[in-house]
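I'll jot things down as I look them up.

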Amino acid sequence: KGRKMVPGEVTQQQSDTLLPWRQHQSVNGLRRQKRDWVIPPINVPENSRGPFPQQLVRIRSDKDKEIHIRYSITGVGADQPPMEVFSIDPVSGRMYVTRPMDREERASYHLRAHAVDMNGNKVENPIDLYIYVIDMNDNRPDFINQVYNGSVDEGSKPGTYVMTVTANDADDSTTANGMVRYRIVTQTPQSPSQNMFTINSETGDIVTVAAGLDREKVQQYIVIVQATDMEGNLNYGLSNTATAIITVTDVNDNPPEFTASTVSVHTSAQHVGKNNSNGIFGAGGQCPVGTSVEGRVNSLLVCLFQAVDYEMNRAFMLTVMVSNQAPLASGIQMSFQSTAGVTISVTDVNEAPYFPTNHKLIRLEEGVPTGTVLTTFSAVDPDRFMQQAVRYSKLSDPANWLNINATNGQITTAAVLDRESDYIKNNVYEATFLAADNGIPPASGTGTLQIYLIDINDNAPELLPKEAQICEKPNLNVINITAADADIDPNVGPFVFELPSVPSAVRKNWTITRLNGDYAQLSLRIMYLEAGVYDVPIIVTDSGNPPLYNTSVIKVKVCPCDENGDCTTIGAVAAAGLGTGAIIAILICIIILLTMVLLFVVWMKRREKERHTKQLLIDPEDDVRDNILKYDEEGGGEEDQDYDLSQLQQPETMDHVLNKTPGVRRVDERPIGAEPQYPIRPVIPHPGDIGDFINEGLRAADNDPTAPPYDSLLVFDYEGSGSTAGSVSSLNSSSSGDQDYDYLNDWGPRFKKLADMYGGGEED
């Protein structure tokens, strides 16, 4: 196939051996190569059971008679993933499939066959091999959804479209293996017919096939649909099922009807609202939809047009008509409306008292005295048929200015009302009161009282600023003064500014000029005023009836100024009331104080250095400040045991001392004389003070003749005739070297010196 034929060519032998690279001899005896063969596709069935490897075809070149040839294949399924699906014997050229094929995984493979010699040199050009996997019916149809939902109007004619179900088959759709057909298996319920629907076997469209769909009887159908491949052959094909839920939708095919000709309901509704009813009620005309009285009546609502009052009407008689907004479906011959009588009984409930005038506004002047009756703020109880009492109380009174009578609601003042208070907003003071009845359950209502306070002239004006600064020479600058009044018009400006006549120095030194109703200027009248701080009183009067005035004192600092009119630094100090001499004295005092502080710091550092030096001069081993030294007592020998030790102690009386010969005393006797004063150690001494304390004590002891040792002839008492142990001086040291003194090292640190002298003689 696809090969050019030449005269004299021998027909290819019918076998499973392909010779894609056959060589041919020309008519003139020259050897030439013909075009390569086009190898026909190789078909392999999927899901083959083997055995594997299973031979597919043998490929060989006619040059294998001359040289040794090695065959190989490349491509997807050979040396590319998926690997080693196909293999070839390199010597014989037989190609094998090594495992079962799956068409749904891969439907075809494209390989290339190669022929090389033993050295790897190409002998023939590569040949394309196409392998197709033959489909087998090994996959069931699969529905896209297991449950399908559709709807159809009630009363629909046969042939009305409902929904479409779809199933897919993974097998080859060009063969019967992948051709799916649909059918309806069951229908639930089977009313009014067991075959209300049919399905297109090829497309899966479900349509109605019978009349009689009625939502009021059957609202939903459940249909089981089956999909089968092999073109629907139930004997050979594979099948699967899905569920189709068909909802019958409502159409206006039934007119409304009242279940009873008369309806009685009770209501205590006080407010009108809205609902979602699609019905329209009429009572001698169209009734607006409002709040439900009792509830749904055959899916419609009886409504209130406005709030009802038991005290006004205890019952209502209505004739109600109901109809559909939408017209009835075509072909329905019935009346589209219905009427009924409705009796509405109003139930009396405890209603809250209410204030007829809310918010109530009254006007009065501020400053009325405490206890003044302002108004009566009473509430009305709408329950005329209930014997109830109303009590009043304050709910909100920010400034605690008001009182209310608990029984009649009379409002009186508890304090003076001030329009300038922070509790006043836009001249209005607002308080809230509560009116509550004693019903079951009790009900209450609130009312707001607004008091508009009319201003009176009860606040004198004030001047700003309280402090100012001016140059000591006139015509350089002035002080701008502003008048402020807490009252409102007409009890404010224009203001009158003037200087008092007393003291006379005020008008002599100062002058005030009015700029307008609220502003004035204060300036110097004389050509020069000594620098300092001056209290300048100014009288300001408002325009009220009667007018109020106030004397405000402004502290004015008069100071020397520069060319720009600003106070100089020295001038500012001078303005504070200090002369040049006082300033110099202050500076000298500051310098002296700093010098004293510096000298004190230097003295402290020097003293600290001396203390540190003294501490360094004291040997730590000789420092006895923090040590308690205890010395052993030594006896006087064997014959000293009977010695009267009481003679060595300080005598209790001084008679035997006074009678002794002058110049000869015992060591335990002290001279008679005035005792010097020793230094007293401080309670909490500084560590550096201990050395000073010791030195001062030492100097006092050196100058004290009564302190031992006494500078006189000392007479020692008799201590016995001697010791039977003999004299230590009679011991002779031996130099023979036979004595071993190394044992002295074991006697401890007290014998270390002897051990070094005698024990180490040989080493030295």
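**Ground rules.** I am working with a predicted model, where local features need pLDDT of at least 70, side-chain atom pairs count only at pLDDT 80 or more, and totals for chains, interfaces and linings use all residues. I number residues from 1 along each chain as its sequence is written, and side-chain values use heavy atoms, with hydrogens and water left out.

**Entry 1, disulfide.** I looked for disulfides, meaning a pair of cysteine sulfur atoms within 2.5 Å, and the structure holds one. Its partners are C471 and C561, with S to S at 1.9 Å. I then checked the handedness: the S-S torsion of C471 and C561 comes out at about -105°, so this disulfide is left-handed.

Where do C471 and C561 lie? I find C471 in strand β34 (residues 467–471), while C561 is in the loop between β40 (549–559) and α2 (569–575), so the pair ties together parts that are 90 residues apart in sequence. For the element names I rely on DSSP runs, numbered from the N terminus: helices are H or I with at least four residues, strands are E with at least two.

Next I asked about burial. My scale is relative accessible area, with a 1.4 Å probe and protein chains only: buried is under 20%, exposed is over 50%, and partly exposed is in between. C471 is buried at 1%, whereas C561 is partly exposed at 23%.

I noted a cis peptide bond between S191 and P192, with omega about 0°. P192 sits in the loop between β15 (181–188) and β16 (197–199). I wrote down another cis bond joining V502 and P503, where omega is also about 0°. For P503 the place is the loop between β36 (496–498) and α1 (504–509).

E84 has phi near 55°, and I place E84 in the loop between β6 (69–75) and β7 (86–88). Then N427: phi is near 70°, and N427 lies in the loop between β30 (410–413) and β31 (428–437).

Is E84 buried or exposed? I get a relative accessible area of 59%, so E84 counts as exposed. N427 has a relative accessible area of 18%, so I log N427 as buried.
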